Amino acid sequence: MTTATTSNDGLTPGRPSPDGHLDGGAILANAVAVAPVLREEAAESERQRQLTPRAVAALRSTGVFRMPMPRAWGGPEVDPPTQIEVIEELSHADGSAGWCAMIGSDGGFYSAALADDIGRSLYRDLDAVTAGWVQPGGQLDRVDGGYRLSGRWQFGSGCTHADVMIAGAHATVDGHPVVDGSGRPEWRIAMLPADLFEIHDTWHTTGLAGSGSHDYTIEDAFVAAGQTFR
(Lines give C-alpha, C1' and ligand atoms only; values in the text may rest on other atoms or scores of the structure.)
Protein backbone atom coordinates (compact mmCIF):
# COMPACT_ATOMS: atom_id res chain seq x y z
CA MET A 1 0.00 0.00 0.00
CA THR A 2 1.21 3.50 -0.78
CA THR A 3 1.56 5.62 2.33
CA ALA A 4 0.50 9.25 2.56
CA THR A 5 3.06 11.94 3.21
CA THR A 6 2.22 15.56 3.97
CA SER A 7 3.89 18.42 2.12
CA ASN A 8 4.67 21.88 3.49
CA ASP A 9 1.40 23.41 2.24
CA GLY A 10 -0.67 20.90 4.17
CA LEU A 11 -1.63 18.80 1.15
CA THR A 12 -1.06 15.09 0.92
CA PRO A 13 0.65 14.21 -2.38
CA GLY A 14 -0.81 10.70 -2.51
CA ARG A 15 1.66 9.78 -5.20
CA PRO A 16 1.84 6.23 -6.57
CA SER A 17 4.59 3.90 -5.46
CA PRO A 18 7.48 3.36 -7.92
CA ASP A 19 5.46 0.70 -9.76
CA GLY A 20 2.70 3.25 -10.41
CA HIS A 21 0.19 1.56 -8.12
CA LEU A 22 -2.11 3.43 -5.76
CA ASP A 23 -4.71 1.16 -4.18
CA GLY A 24 -8.05 1.87 -2.53
CA GLY A 25 -6.64 1.80 0.98
CA ALA A 26 -4.02 4.41 0.13
CA ILE A 27 -6.60 6.65 -1.57
CA LEU A 28 -8.85 6.37 1.49
CA ALA A 29 -5.95 7.26 3.79
CA ASN A 30 -5.15 10.24 1.59
CA ALA A 31 -8.80 11.37 1.71
CA VAL A 32 -8.65 11.37 5.50
CA ALA A 33 -5.37 13.30 5.43
CA VAL A 34 -6.63 16.14 3.18
CA ALA A 35 -9.89 16.64 5.11
CA PRO A 36 -8.49 19.60 7.11
CA VAL A 37 -7.53 21.38 3.88
CA LEU A 38 -11.02 20.89 2.44
CA ARG A 39 -12.61 22.21 5.64
CA GLU A 40 -10.37 25.27 5.51
CA GLU A 41 -11.31 25.96 1.90
CA ALA A 42 -15.05 25.24 2.19
CA ALA A 43 -16.21 28.79 2.95
CA GLU A 44 -14.12 30.29 0.16
CA SER A 45 -15.34 27.63 -2.29
CA GLU A 46 -18.91 28.62 -1.42
CA ARG A 47 -18.07 32.29 -1.92
CA GLN A 48 -16.50 31.60 -5.31
CA ARG A 49 -19.29 29.13 -6.20
CA GLN A 50 -16.67 26.62 -7.30
CA LEU A 51 -13.88 24.71 -5.60
CA THR A 52 -10.80 26.79 -4.88
CA PRO A 53 -7.54 25.86 -6.61
CA ARG A 54 -6.21 24.59 -3.27
CA ALA A 55 -9.26 22.37 -2.77
CA VAL A 56 -8.91 20.97 -6.30
CA ALA A 57 -5.21 20.31 -5.72
CA ALA A 58 -6.07 18.51 -2.49
CA LEU A 59 -8.57 16.26 -4.26
CA ARG A 60 -6.17 15.49 -7.10
CA SER A 61 -3.45 14.62 -4.61
CA THR A 62 -5.54 11.83 -3.05
CA GLY A 63 -5.94 9.78 -6.23
CA VAL A 64 -9.73 9.96 -5.95
CA PHE A 65 -10.21 10.73 -9.64
CA ARG A 66 -8.42 7.56 -10.72
CA MET A 67 -10.43 5.20 -8.48
CA PRO A 68 -12.32 3.28 -11.24
CA MET A 69 -9.54 3.44 -13.82
CA PRO A 70 -8.68 -0.02 -15.21
CA ARG A 71 -5.62 -1.95 -14.12
CA ALA A 72 -4.72 -2.37 -17.78
CA TRP A 73 -4.07 1.40 -17.83
CA GLY A 74 -2.18 1.34 -14.53
CA GLY A 75 -5.28 2.31 -12.58
CA PRO A 76 -6.37 0.81 -9.25
CA GLU A 77 -9.89 -0.45 -10.14
CA VAL A 78 -11.00 0.33 -6.59
CA ASP A 79 -14.02 -1.71 -5.50
CA PRO A 80 -17.31 0.23 -5.20
CA PRO A 81 -17.65 -0.03 -1.37
CA THR A 82 -14.20 1.53 -0.93
CA GLN A 83 -15.03 4.21 -3.49
CA ILE A 84 -18.08 5.10 -1.41
CA GLU A 85 -15.96 5.27 1.76
CA VAL A 86 -13.56 7.68 0.04
CA ILE A 87 -16.41 9.94 -1.10
CA GLU A 88 -17.93 9.83 2.39
CA GLU A 89 -14.66 10.96 3.98
CA LEU A 90 -14.29 13.85 1.55
CA SER A 91 -17.95 14.82 1.97
CA HIS A 92 -17.62 14.93 5.75
CA ALA A 93 -15.02 17.63 5.22
CA ASP A 94 -16.92 19.59 2.54
CA GLY A 95 -20.07 18.47 0.76
CA SER A 96 -19.20 20.31 -2.45
CA ALA A 97 -15.75 18.72 -2.56
CA GLY A 98 -17.22 15.27 -2.01
CA TRP A 99 -19.81 15.84 -4.72
CA CYS A 100 -17.20 17.01 -7.21
CA ALA A 101 -14.99 14.05 -6.32
CA MET A 102 -17.86 11.65 -7.00
CA ILE A 103 -18.67 13.22 -10.39
CA GLY A 104 -15.04 13.81 -11.31
CA SER A 105 -14.07 10.18 -10.74
CA ASP A 106 -16.51 8.86 -13.36
CA GLY A 107 -13.85 8.65 -16.08
CA GLY A 108 -13.22 4.95 -15.57
CA PHE A 109 -16.90 4.21 -16.01
CA TYR A 110 -17.51 6.34 -19.10
CA SER A 111 -14.29 5.35 -20.84
CA ALA A 112 -15.31 1.69 -20.49
CA ALA A 113 -17.96 2.37 -23.14
CA LEU A 114 -15.30 3.44 -25.66
CA ALA A 115 -12.70 1.53 -27.63
CA ASP A 116 -9.56 1.22 -25.53
CA ASP A 117 -7.37 3.43 -27.73
CA ILE A 118 -9.98 6.20 -27.80
CA GLY A 119 -10.46 6.05 -24.04
CA ARG A 120 -6.72 6.28 -23.49
CA SER A 121 -6.48 9.28 -25.85
CA LEU A 122 -9.06 11.15 -23.77
CA TYR A 123 -7.65 10.04 -20.42
CA ARG A 124 -3.90 10.33 -20.88
CA ASP A 125 -3.66 11.15 -17.17
CA LEU A 126 -5.23 8.69 -14.71
CA ASP A 127 -6.13 11.64 -12.49
CA ALA A 128 -8.05 13.47 -15.23
CA VAL A 129 -11.33 14.96 -13.99
CA THR A 130 -14.67 14.25 -15.69
CA ALA A 131 -17.72 16.52 -15.60
CA GLY A 132 -20.97 16.83 -17.48
CA TRP A 133 -24.60 15.90 -17.94
CA VAL A 134 -25.80 12.74 -19.66
CA GLN A 135 -29.36 13.92 -20.29
CA PRO A 136 -29.94 15.02 -23.91
CA GLY A 137 -29.37 18.77 -23.92
CA GLY A 138 -28.19 18.99 -27.52
CA GLN A 139 -28.02 17.43 -30.96
CA LEU A 140 -25.46 15.14 -32.59
CA ASP A 141 -25.96 15.64 -36.31
CA ARG A 142 -24.43 12.81 -38.34
CA VAL A 143 -21.58 13.65 -40.71
CA ASP A 144 -18.81 11.61 -42.31
CA GLY A 145 -16.78 9.99 -39.55
CA GLY A 146 -18.93 11.18 -36.67
CA TYR A 147 -21.20 14.00 -35.63
CA ARG A 148 -21.47 17.77 -35.25
CA LEU A 149 -22.43 18.55 -31.66
CA SER A 150 -24.37 21.61 -30.50
CA GLY A 151 -26.28 22.19 -27.30
CA ARG A 152 -26.56 23.51 -23.77
CA TRP A 153 -26.44 21.44 -20.59
CA GLN A 154 -27.09 22.10 -16.91
CA PHE A 155 -25.43 20.94 -13.70
CA GLY A 156 -21.87 20.63 -14.97
CA SER A 157 -20.55 19.98 -11.45
CA GLY A 158 -16.79 20.46 -11.37
CA CYS A 159 -16.71 21.84 -14.92
CA THR A 160 -14.38 24.68 -13.85
CA HIS A 161 -11.55 22.20 -13.20
CA ALA A 162 -12.55 19.34 -15.56
CA ASP A 163 -10.34 17.73 -18.19
CA VAL A 164 -13.04 15.74 -20.02
CA MET A 165 -16.69 16.74 -20.46
CA ILE A 166 -19.63 14.56 -21.36
CA ALA A 167 -22.76 15.70 -23.16
CA GLY A 168 -25.96 13.79 -23.78
CA ALA A 169 -27.64 14.52 -27.10
CA HIS A 170 -30.22 13.22 -29.56
CA ALA A 171 -28.82 11.94 -32.86
CA THR A 172 -30.06 13.66 -35.99
CA VAL A 173 -29.49 13.53 -39.75
CA ASP A 174 -29.76 16.90 -41.48
CA GLY A 175 -31.55 18.12 -38.39
CA HIS A 176 -34.13 15.33 -38.38
CA PRO A 177 -34.33 12.94 -35.39
CA VAL A 178 -32.91 9.44 -35.73
CA VAL A 179 -35.26 6.86 -34.20
CA ASP A 180 -34.60 3.28 -33.13
CA GLY A 181 -36.66 0.20 -33.95
CA SER A 182 -39.26 1.10 -31.32
CA GLY A 183 -39.67 4.63 -32.64
CA ARG A 184 -37.78 6.31 -29.82
CA PRO A 185 -35.20 9.07 -30.51
CA GLU A 186 -31.61 7.81 -30.49
CA TRP A 187 -29.84 9.22 -27.43
CA ARG A 188 -26.05 9.21 -27.32
CA ILE A 189 -23.35 10.46 -24.95
CA ALA A 190 -20.48 12.46 -26.45
CA MET A 191 -17.10 12.81 -24.73
CA LEU A 192 -14.71 15.66 -25.53
CA PRO A 193 -11.84 17.62 -23.96
CA ALA A 194 -13.29 20.13 -21.53
CA ASP A 195 -11.62 23.16 -23.12
CA LEU A 196 -13.86 22.81 -26.19
CA PHE A 197 -16.91 23.84 -24.14
CA GLU A 198 -17.94 27.28 -22.95
CA ILE A 199 -18.82 27.54 -19.25
CA HIS A 200 -21.66 29.90 -18.27
CA ASP A 201 -21.73 31.43 -14.80
CA THR A 202 -25.19 30.20 -13.76
CA TRP A 203 -24.59 28.43 -10.42
CA HIS A 204 -26.26 30.65 -7.79
CA THR A 205 -27.68 28.43 -5.05
CA THR A 206 -27.39 27.43 -1.41
CA GLY A 207 -26.90 23.65 -1.34
CA LEU A 208 -23.56 22.45 -2.77
CA ALA A 209 -22.78 26.10 -3.48
CA GLY A 210 -19.09 25.36 -4.02
CA SER A 211 -19.59 22.66 -6.64
CA GLY A 212 -19.42 24.97 -9.68
CA SER A 213 -22.39 23.21 -11.28
CA HIS A 214 -22.68 25.75 -14.10
CA ASP A 215 -24.35 25.43 -17.49
CA TYR A 216 -22.06 24.71 -20.44
CA THR A 217 -22.45 24.91 -24.22
CA ILE A 218 -20.82 23.92 -27.46
CA GLU A 219 -21.62 24.91 -31.03
CA ASP A 220 -21.09 22.80 -34.16
CA ALA A 221 -18.09 20.88 -32.82
CA PHE A 222 -16.95 17.71 -34.57
CA VAL A 223 -17.10 14.55 -32.47
CA ALA A 224 -15.61 11.34 -33.88
CA ALA A 225 -18.15 8.51 -33.85
CA GLY A 226 -15.90 6.52 -31.50
CA GLN A 227 -16.11 9.26 -28.87
CA THR A 228 -19.85 8.66 -28.50
CA PHE A 229 -21.84 5.78 -27.05
CA ARG A 230 -25.43 4.78 -26.32
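**Rings, cores and a helix pair**

Counting ring pairs here gives six aromatic pairs, where rings of Phe, Tyr and Trp (its six-membered ring) pair if their centres lie within 6.5 Å. Before going on, keep in mind that this is a predicted model, in which local features need pLDDT of at least 70, side-chain atom pairs count only at pLDDT 80 or more, and totals for chains, interfaces and linings use all residues. Residues are numbered from 1 along each chain as its sequence is written, and side-chain values use heavy atoms, with hydrogens and water left out.

Let's start with the rings. A pair of aromatic rings is described by the distance of the centres and the angle of the planes. Planes under 30 degrees apart count as stacked, over 60 as edge-to-face and the rest as tilted. Y110 and F229 have ring centres 6.4 Å apart and planes at 40°, so this pair is tilted. Y110 sits in helix α5 (residues 107-111) and F229 in strand β8 (residues 228-229), so the pair ties together parts that are 119 residues apart in sequence. Helices (H or I, at least four residues) and strands (E, at least two) are DSSP runs, numbered from the N terminus. Y110 is buried at 17% relative accessibility, and F229 is buried at 13%; buried means under 20% relative accessible area, exposed over 50%, partly exposed in between (1.4 Å probe, protein chains only).

Now move to F197 and Y216. Their ring centres are 5.5 Å apart and their planes at 75°, so this pair is edge-to-face. F197 is in the loop between β5 (187-193) and β6 (198-200), and Y216 is in strand β7 (residues 214-224), 19 residues apart. F197 is buried at 8% relative accessible area, and Y216 is buried at 0% relative accessibility. Elsewhere, ring pairs join W133, F155 and W203 into a cluster.

F197 also turns up in the largest nonpolar core, which has 46 residues; L38, L59, V64, L90, L149 and F197 touch the most other members. Such a core is a set of buried Ala, Val, Leu, Ile, Met, Phe, Trp, Tyr and Cys residues joined through side-chain atoms within 4.5 Å. Helix α1 (residues 24-48) gives this core its largest share, eight residues. Y110, for its part, belongs to a second, separate core of 13 residues that also includes L122, A128 and V164.

Last stop: helices α3 (residues 80-93) and α4 (residues 95-104). They pack at an angle of about 150° with their axes 5 Å apart, the axes being lines fitted to C-alpha atoms over the stretch in contact, and angles running from 0 to 180 degrees between N-to-C directions. That makes α3 roughly antiparallel to α4, since angles under 35 degrees count as roughly parallel, over 145 as roughly antiparallel, 65 to 115 as roughly perpendicular and the rest as oblique. On the α3 side are I87, L90, S91 and A93, which meet G95, G98, W99, A101 and M102 in α4. Seven of the 10 residues of α4 are buried, so this helix is largely enclosed by the rest of the structure. Its buried residues pack against α1, α2 (53-62), α3, α5 and β1 (130-143).

Key:
Contact means heavy atoms within 4.5 Å.
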